[in-house]
Amino acid sequence: MEELANKVAIVTGANRGIGRVISLRLAKAGAQLVLAGRDQAGLEETARMIREENSSSTKPPLICHMDLLDPSSIDTSVAEALKAFGHIDILVNNSGITGKSAALWDLSEAEWDETIDTNLKGPFLVSKAVIPTMLKQKSGSIIFIGSVTGKRPLMHRSVYAASKLGLVGMMRTLALELGAHGVRVNLISPGFVEVPRLDGVIKTVAAIEKIPPEEEHEKWLEMIPLHRFVKPENIAEGVLFLASDRSAGITGDDLNISGGLVMY
């Protein structure tokens, strides 16, 4: 069932990982996709996969170069999306970085600023650029991809946690401000998602703690009641739910998809 037929969705960080899987899922549900990110080759690969899986789509995906640290590229991307499709119904603020794994006192100011600017200021700028058209059409769904790390302490992850918990506060305030205008705003807090960069984080933390990566990997698994990492497809299904009319009565919510790692 194409429950997102005639809907236009922007997905940031659509060039790989969770962003790519989200894009594929929304396209399968009938949405027209605006694929945003810095990696042109990765975006083109996502677009190719969408075309192959959805040959009946009325228009091919639109690829936009977007750098979350460059406001002009954000404004240009939104303008291109509106020119191509005329409206924007769904915004998935997915793009972000893991940041440096280190004790807070071992972080430089530049390392702190890069993570906060990318993970928190970036979604602010993208949302700011998209919201006016949603206000005009009196409808829309904005979805932030946060992290359970913003709510559950994890060693050596202070700046990442700060950036992701900041998203929760921004999301809830936006939900309050935009509710009367027909725009819903929600957030997904993934647990440990089975993507290559998770392996990198685990190896880094293992090195800091001076234990084998395999032992650190098992420690992380033991934190999860389901004793398995979350798959990107699990996150994509959550995004589809929050983007569709099935969640018409939900705004300001923080949806945990974590295998039970966080229950609040």
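**Walking through the model**

Mentor: Let's start with H227, which sits in the loop between α7 (213–222) and α8. Keep in mind that this is a predicted model.

Trainee: OK, what's the phi of H227 like?

Mentor: The phi of H227 is positive, about 55°, although H227 is not a glycine. Most residues other than glycine have a negative phi.

Trainee: And how accessible is H227?

Mentor: H227 counts as partly exposed, because its relative accessibility is 42%, and the exposed class needs over 50%.

Trainee: Where does N6 sit, and what about its phi?

Mentor: N6 lies in the segment before β1 (8–12). N6 isn't a glycine either, yet its phi is positive, at about 70°.

Trainee: Is N6 buried or exposed?

Mentor: Exposed: the relative accessible area of N6 is 68%, and the cut-off is over 50%.

Trainee: Switching to S244. Where is that, and is S244 buried or exposed?

Mentor: S244 is in the loop between α8 (232–243) and β7 (254–257). With a relative accessible area of 1%, S244 is buried.

Trainee: Which residues does S244 touch?

Mentor: If you leave aside neighbours within four places in sequence, S244 is in contact with E3, L4 and R184.

Trainee: Now E209. Which helix is that in?

Mentor: E209 belongs to helix α6, which covers residues 196–209. Its relative accessibility is 25%, so E209 counts as partly exposed.

Trainee: What does the side chain of E209 make a polar contact with?

Mentor: The side chain of K219, at 3.0 Å. Not counting residues up to four places away in sequence, E209 touches M155, H156, E216 and K219.

Trainee: And how far is E209 from L120?

Mentor: Their C-alpha atoms are separated by 28 Å, with the two residues 89 apart along the chain.

Trainee: Zooming out, how many helices and strands are there in the protein chain?

Mentor: Eight helices and seven strands. The radius of gyration is 18 Å, close to the 18 Å that the globule rule gives for 264 residues, so the chain is as compact as a globular protein of that length. The C-alpha atoms fill a box of roughly 55 × 35 × 35 Å along the principal axes.

Trainee: What share of the residues is buried?

Mentor: Buried residues make up 52% of the 264 in the chain. Among contacts with a separation of 6 or more, 72% come from residues 24 or more positions apart.

Trainee: Last one: how many charged side chains, positive and negative?

Mentor: There are 28 positive and 32 negative, and the centres of the two sets lie 4 Å apart.

Key: Residues numbered from 1 in each chain as written. Predicted model: local features only at pLDDT ≥ 70, side-chain atom pairs only at ≥ 80, totals over all residues. Heavy atoms only, no water. Helix = DSSP H or I, 4+ residues; strand = E, 2+ residues; numbered from the N terminus. Rg over C-alpha atoms; globule rule 2.2 N^0.38 Å. Buried < 20%, exposed > 50% of the residue type's maximum accessible area, 1.4 Å probe, protein only. Contact = heavy atoms within 4.5 Å. Lys, Arg positive; Asp, Glu negative; His and termini not counted. Charge placed at Lys NZ, Arg CZ, Asp CG, Glu CD. Polar contact = N/O pair within 3.5 Å; in protein donor to acceptor, adjacent residues only side chain to side chain.
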